[in-house]
Number of protein chains: 4
Amino acid sequence: MDILIGRGKTARRAYGFDEIALVPGQRTLDPSLADTRVTIGNIEREIPIIASAMDGVVDVNMAVLLSELGAMGVLNLEGIQTRYEDPYPVLDRIASVGKDEFVGLMQELYAEPIKPELIAQRIQEIKARNAIAAVSLTPAGALKYGQTVAEAGADLCCIQATVVSTDHLSPAAIAPLDLVRFCQEIPMPVMLGNCVTYEVALKLMKAGAAAILVGIGPGAACTSRGVLGVGVPQATAVADCAAARDDYERETGRYIPVIADGGIVTGGDICKCIACGADAVMIGSPIARAQEAPGGDYHWGMATPSPVLPRGTRIKVGTTGTIAQILKGPAKLDDGTHNLLGALKTSMGTLGAKDIKEMQQVEVVIAPSLLTEGKVYQKAQQLGMGK
Amino acid sequence: MDILIGRGKTARRAYGFDEIALVPGQRTLDPSLADTRVTIGNIEREIPIIASAMDGVVDVNMAVLLSELGAMGVLNLEGIQTRYEDPYPVLDRIASVGKDEFVGLMQELYAEPIKPELIAQRIQEIKARNAIAAVSLTPAGALKYGQTVAEAGADLCCIQATVVSTDHLSPAAIAPLDLVRFCQEIPMPVMLGNCVTYEVALKLMKAGAAAILVGIGPGAACTSRGVLGVGVPQATAVADCAAARDDYERETGRYIPVIADGGIVTGGDICKCIACGADAVMIGSPIARAQEAPGGDYHWGMATPSPVLPRGTRIKVGTTGTIAQILKGPAKLDDGTHNLLGALKTSMGTLGAKDIKEMQQVEVVIAPSLLTEGKVYQKAQQLGMGK
Amino acid sequence: MDILIGRGKTARRAYGFDEIALVPGQRTLDPSLADTRVTIGNIEREIPIIASAMDGVVDVNMAVLLSELGAMGVLNLEGIQTRYEDPYPVLDRIASVGKDEFVGLMQELYAEPIKPELIAQRIQEIKARNAIAAVSLTPAGALKYGQTVAEAGADLCCIQATVVSTDHLSPAAIAPLDLVRFCQEIPMPVMLGNCVTYEVALKLMKAGAAAILVGIGPGAACTSRGVLGVGVPQATAVADCAAARDDYERETGRYIPVIADGGIVTGGDICKCIACGADAVMIGSPIARAQEAPGGDYHWGMATPSPVLPRGTRIKVGTTGTIAQILKGPAKLDDGTHNLLGALKTSMGTLGAKDIKEMQQVEVVIAPSLLTEGKVYQKAQQLGMGK
Amino acid sequence: MDILIGRGKTARRAYGFDEIALVPGQRTLDPSLADTRVTIGNIEREIPIIASAMDGVVDVNMAVLLSELGAMGVLNLEGIQTRYEDPYPVLDRIASVGKDEFVGLMQELYAEPIKPELIAQRIQEIKARNAIAAVSLTPAGALKYGQTVAEAGADLCCIQATVVSTDHLSPAAIAPLDLVRFCQEIPMPVMLGNCVTYEVALKLMKAGAAAILVGIGPGAACTSRGVLGVGVPQATAVADCAAARDDYERETGRYIPVIADGGIVTGGDICKCIACGADAVMIGSPIARAQEAPGGDYHWGMATPSPVLPRGTRIKVGTTGTIAQILKGPAKLDDGTHNLLGALKTSMGTLGAKDIKEMQQVEVVIAPSLLTEGKVYQKAQQLGMGK
């Protein structure tokens, strides 16, 4: 299927969620019959939605609420929460600063050192409320703070970078994280990512991942593609990595869930992710719109505070309802951003899928939702600009 | 023609109306010679246009007017008209509420129970004015109110849901509607839908449909694709279901018309639907713009009032003329939304098609009307923004 | 190359000018060496540009100016110029009316009957100033006024409708125009159109056309595609009809120029038309922007005044310079709408094409100028909205 | 891979940077290990970025700064700098004039003759500050001023036109520049361009180019495609010309760098250029945004002042930081326009490419960044227009 870009340079066509749609088959199902459970390591969740390890999305309280609702939130252990004893005045400053000062302020705020004692404290705060303590570190952070996380008794550890590989070249003086050893030694399931290809997904599974995160470049608060040129549209990335999961299971008997991460805004996006092969999704901006979200009305990427090459933008997402409404309804918005679980169950019912495995098999069509002239006309009508 | 989205996930490319155009052939025709008739069950109509069973589109009066003009309107039996003795104050409230309160108000208004006596009354009001009483129920509603509809003497019954199938799994306590039995027992033609695939279209025909409704996800007031990820672009859906119709006729001798439903805004859209194989179209927003439409200046989808997962948007469509002008002209607008019958006849003349069967055979090209830079330039000129 | 839209419906992909670009080869040329001449019947023109028979574009004076500059303008004999002794107050009314009254006013103004004596008078006014009198009639008009045109001594007659065919079915009472007989009997070259396919182009050539007009649906003031669903993107239409011209020449030795008509805005569009096989272009809106244009700041389509099904829009094109500047420069605008001949010669130089026949052979790439994110960024910069 | 546009006209699909993205492989790399060096003739640069020979981009001071930073700037010898002893009041006029007078003013200002003594003076001013004196002439200018450039001791000479070829037809009275002889006789490396095809790239290498410039039509300040219809999307053009470079090296042992020129705005664009085969890039608008740039807040194309056919637009690019920040950071913007070298190194690290040759081999996917509905939604959020 290779396409010639120019002499000697071929490429394949990759597809994003905006380019596909799901096709109802010959069976339908009452939504109440749809089973949406996912299991990562020893953790089973009713809602296959994980909140991203981003400072505007998950704090201790949000992690607890998500856990209670049947979902899960991952706490970023290298952000505001572990740099500041009281993170809320800091979050207020981020929300109040003007657009022009934002990057500078972020660089300043994230220059404050990470405090290992705060890492332990945040994990214990979550555990104290009987919730799942899922936490996230970069590979470099894992070298430094892995031991602390293990001792604090976290339930799940996520090693996450824009791109993760099992073969990382470092300058001579710096030893890279050995992912295999880390997975073996830390006493909890480890999610690894992000990756976008079959080969890397397979390597991460072989390294001991309990789940892999799939997605580079597609997120709302992510500008990897603009700044670095790097990215793979999600439908293709998820399908490729899901194929690695299936091949790995065939070979080893172990089933390693694929978590689609990035670019997911609506219930429809979640449904399409799973239809391409994902077992669950990781989402940021939809959760950032909850009134309980730590970011206030804002959401920003975790590469933004980079002192040298900030990437990612602060987005004003607003506040549209409670986290319960966003996950389980009842919806007060009709645009697909409330009652994400209800949307998934309704879609599964419409498509006749009894569980996530069946949902991964539904028929997909390529159907670009491009901005055609007709669409602009419809949009104008929706905005009350009827000609 | 399968395209690889990723390893192990293939899809075919589906096409929407914005992506096609019709090609004149070697013959042209005076528009007055174009025969646009369609027959559903025992009902023949001069104009192959059916108004959608939506509360902002069809009430008793609109059903009568459409019938008199040679078209047909379907009355929604599970909406405002059968929940309220006097629906007009309710419609006024819907039109007057602000955007933010809309979904909540709809959920409240549609919580009022459906009254079987109003079902009978509305049907009789239409019949009393010698018009065609075409009515619509959901599958669940058909179980409850089918008998009432039969007794009230309706002329045509439409069983319609976002997606309908002959194989629906329900919780143990609830028996699903048996479509075959329903079609056999109710003493009138039954239109079934919506569907988008060859296989389901064929099953609905075999179940006894007098016509099938084709279209999931493409409509202006429909957000199935955003909320559920579900949908098939209409050109492909119509062509596939028309192929089922032709195969079914070849096998049984029975001709079951295909009604394209959703996303149709202009005369050009109607022409393209038929060119892809439709026998008639069902339209909502173009009729909602008539001064006789019950929705006032507004149009909204029938999934909007869902108490759990509202979908669909209220659109301000405005009022552009009488229903007579919209269907038969003379047009006072030049954008293809007035004189829909005239547009169809002129297009058939231009394309040399003497009747709907010939129109289904005209040549189609794939010609995306994307928003290119040139188009934006032209649009800017049309808006008086000439550089 | 057929693509499956759905079961039983195939289509080919057609291309528009926004989707192609021209590729420089191994030779370049000084623009002064580029020969742009075209010959239609016995009329040779230095500039292969013909102004459209539209009331906002060509009046007697414009026809004379274009003729003097080396181009040609076609006078519409069924518009304002032949319905009103003094057309200028009428043109002023069109320019001064508001958007909402426009269609109604057009229908009223064009209800005034055509006067044969004004047909003769306009032709003689052009001839009196030693200019080429090229005029246009619809097929119906040709039946009525062909004789008048012949007697008034016009130099070229254009029989033009949205779509023209040699096989037109009329109601029994009305005889259609016999194109073959018309071409034989009228003592001047006849341009026929519009068409978009190889087969019809060939039939029009065989009917006796001195040139054919190619283009349905692509123009700025044309809404055939929206209202009727009819249209073929120009790059494909021109290439197909040019192939008919070449085959016809091979068979008969007669060379019938192909005139691309519709959707042409810039010099680049003209160059692309010729590169796809056109011998010349017919343009409306670029000429409507001349200070000598009869439409004032406006341009509108000739289907707009239809009493039953008005199509086409009035566009505010503004006034950007003299017709001399627009055709031959020097340009005072840098957007490709001034010095169209200079642009053509510079493009031919860049592409190494010595004459129109060589320009028809230059390499083309498919390169959609879609509105990508990058383009929007660039546009924002151009508009001074740099982030 | 030829696609049929219409009968007898085929074309291949060409790709632009907005249509591709880069795919991480199995290895990653610490950015500090990425070697970005490029060598042109005898000149080695750490940063493979060359500032365009445009009057708003490079003056003597900017050339010196770029040289000191490890990059290079090319001085336009046929612009403001060599027409005016003191160019700064002239640049101020360009920045202060309104949009409508811009083209006329440019035509007036560039009517001032070029002064050979200023050519020599500018080169010596650069050399006096120990910087690389890279200069640019058109082919016509090379005939007139080549000797002056040689005597003044420039380090690198760029012969650049919109399109350059080794086979240029001129009117009898004018001898075209003999590129082969020019390259042989001038005592410095010569960069030739622009070109977009394998064949022409190969001919320019055979003519003696030390590097070739690739790109016609894609730049922000360039309107070749609109005015002339001419252009090739950059990903395809670069890949084709890189193949010529590799074939030429295979044959002769000489490695002639390919410089991608035009349309590059962000770090991501630079990365994609190299991934398609470029050795370095030439950029205009990103440098024009430096506070040291001579254009003030503006940037304009070098075809704009044409007295007959001005092309190219003045763009308000604004001022976003120092040239050091733009090239080497630390970035104060998160949109990919600051720290271009850092972005390249980070991208190379992410993709596991140790040097430019490895970066040319990374995997590419076709992944159009089209404005889909989802993207518009995301953009609206970024602009604080959250629904």
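Author: Let's start with Glu112(A), which is partly exposed at a relative accessible area of 29%. Its salt-bridge partner is Lys115(A), and the closest N and O atoms of the two are 2.8 Å apart. Lys115(A) is partly exposed too, with 23% relative accessibility. Bear in mind that this is a predicted model. In general, side chains of opposite charge can pair when their charged atoms come close. Over all chains, the structure holds 60 salt bridges.

Some of these pairs reach across chains. Arg7(C) and Glu199(B) meet through their side chains in a salt bridge, 3.1 Å from N to O. Arg7(C) sits in the loop between β1 (3–6) and β2 (9–13) of chain C, while Glu199(B) belongs to helix α8 (residues 198–206) of chain B, so this pair joins two chains. Arg7(C) is partly exposed at 37% relative accessible area, and Glu199(B) is also partly exposed, at 32%.

Others stay inside one helix. In chain D, Glu185(D) and Arg181(D) form a salt bridge at 3.0 Å, N to O. Both lie in helix α7 (residues 179–185) of chain D, four residues apart, or about one turn of the helix. Glu185(D) is exposed, with a relative accessible area of 55%. Then there's a network: Asp35(A), Arg37(A) and Glu44(A) are joined by salt bridges that share partners.

Now for the place where chain C meets chain D. Here 72 residues of chain C are in contact with 61 residues of chain D. Between them the two chains bury about 5300 Å², and 58% of that is on carbon and sulfur atoms. The rule finds one salt bridge across this interface. Glu199(C) and Arg7(D) meet in a salt bridge, with 3.1 Å from N to O.

Which parts of chain C touch chain D? Elements that each supply at least two residues include β3 (20–23), α10 (234–252) and α16 (373–382) of chain C. The largest share, eight residues, comes from α16(C). Sorted by class, that side of chain C has 31 nonpolar, 25 polar and 16 charged residues.

Terms used. Residues numbered from 1 in each chain as written. Chains lettered and ligands numbered in written order. Predicted model: local features only at pLDDT ≥ 70, side-chain atom pairs only at ≥ 80, totals over all residues. Heavy atoms only, no water. Salt bridge = Lys/Arg side-chain N within 4 Å of Asp/Glu carboxyl O. Buried < 20%, exposed > 50% of the residue type's maximum accessible area, 1.4 Å probe, protein only. Contact = heavy atoms within 4.5 Å. Buried area = accessible area lost by both parts, 1.4 Å probe. Nonpolar A, V, L, I, M, F, W, Y, C, P; charged D, E, K, R; others polar.
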